[in-house]
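Trainee: I am new to this structure and would like a close look at a single part of it. Please take me through that part slowly.

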Amino acid sequence: MSCVIAMAGKGGTGKTTIASLIVRIIRDKKLGSILAIDADPNSNLGELLGVETKESIGSILDDIGAHPEKVPVSMGKDAFIEYRAQSAIAESEGYDVLTMGRPEGPGCYCYVNNALRNVMSKLINDYDFVIIDNAAGLEHLSRRTTRQADSLVVVSDASVVGLKAAGRIVELARELKIKIKQGFLIINRFNGKIPEEKVKELGLKYLGVIPFDSKIEKISLSTGSLLELKEDNASLRTLNKLGEEIWQCN
Ligand SMILES: Nc1ncnc2c1ncn2[C@@H]1O[C@H](COP(=O)(O)OP(=O)(O)O)[C@@H](O)[C@H]1O
Ligand SMILES: [Mg+2]
């Protein structure tokens with residue numbers, strides 16, 4: 001069984017950044033094979049992980065949906081989708097990256113979508129760790145990747161509005177009937193302490209704060225990758241300490 005870690009939170013809070021740091025930590029600790037899934041159409045997980053992303057699952061769906069004749073008769077639809085999805089996986093040192101993208105086509109290629117769900121759950125089982133960088137609304141978790149996660153990592157700023165939004169994600173996950181073993185809260189880009197009463201009753205286990213990091217900012221101003229961060233980088237070290245339960249997947 002793989003350990004599925006799903007990121008969630010409002011746009012701009014640091015989901016993709018922290019997803020990349022988690023990938024980096026799991027890789028450096030040599031805990032097992034890793035698949036990072038970019039499930040936010042407006043995201044850049046591949047870039048932050050220093051890989052050229054290939055074809056997205058969305059464009060594959062479009063292609064097969066619009067050209068069903070491309071499915072080799074001898075192969076069958078499921079096998080063909082699996083084959084195409086496999087070829088969309090970009091490999092890097094110690095981890096793979098898969099981009100979900102978004103189908104551009106007009107209709108719902110429902111049959112392809114259904115087949116994809118089977119393929120995704122098979123694919124996910126091939127890895128020890130799967131980190132899913134979601135869009136704010138969790139729609140991929142509910143439709144296109146997996147309906148369960150061992151760790152849901154909600155990233156928030158320290159504001160009252162931000163924390164309310166974090167609490168709503170927990171409700172949303174419940175409404176969508178996404179099975180979550182453990183939900184965590186990380187406050188990102190904040191230099192200070194959070195009073196306990198602000199973070200309790202959100203339905204999440206509060207892990208702590210990752211302060212503003214000028215090294216991360218610098219990388220974001222170029223097209224750099226977070227793999228460039230030195231091993232003793234402050235954010236990496238902080239997350240390494242406070243995040244242990246995230247990748248323990250108990
Ligand atoms: N701890 C941090 N210190 C400094 N900048 C950060 C930190 N976390 C995230 N950022 C920056 O904030 C911006 C948004 O982060 P990102 O991870 O893309 O958010 P999200 O994926 O939630 O939309 C990026 O430019 C990123 O470099
Ligand atoms: Mg993002």
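Which residue in β6 does A8 stand opposite?

Mentor: This is a predicted model, in which local features need pLDDT of at least 70 and side-chain atom pairs count only at pLDDT 80 or more, while totals for chains, interfaces and linings use all residues. Residues are numbered from 1 along each chain as its sequence is written, and chains are lettered from A and ligands numbered from 1 in the order in which they are written.

A8 stands opposite V154 in β6. Strand β1 (residues 3-8) and strand β6 (residues 148-156) run parallel and are joined by 4 bridges; here helices (H or I, at least four residues) and strands (E, at least two) are DSSP runs, numbered from the N terminus, and two strands pair if DSSP finds at least two bridges between them. Both strands belong to an open sheet of 8 strands with mixed pairing, in the order β3-β4-β2-β5-β1-β6-β7-β8. The edge strands, each of which pairs on one side only, are β3 (90-92) and β8 (205-210). On average, and with direction ignored, neighbouring strands of this sheet are turned by 20° against each other, where axes are lines fitted to C-alpha atoms, for helices over the stretch in contact, and angles run from 0 to 180 degrees between N-to-C directions. Helix α7 (residues 160-175) packs on the sheet and touches β1, β6 and β7 (179-188), its direction making about 165° with that of β6; residues are in contact if their C-beta atoms, placed from the backbone, lie within 7 Å.

Conventions:
Contact = placed C-beta atoms within 7 Å.
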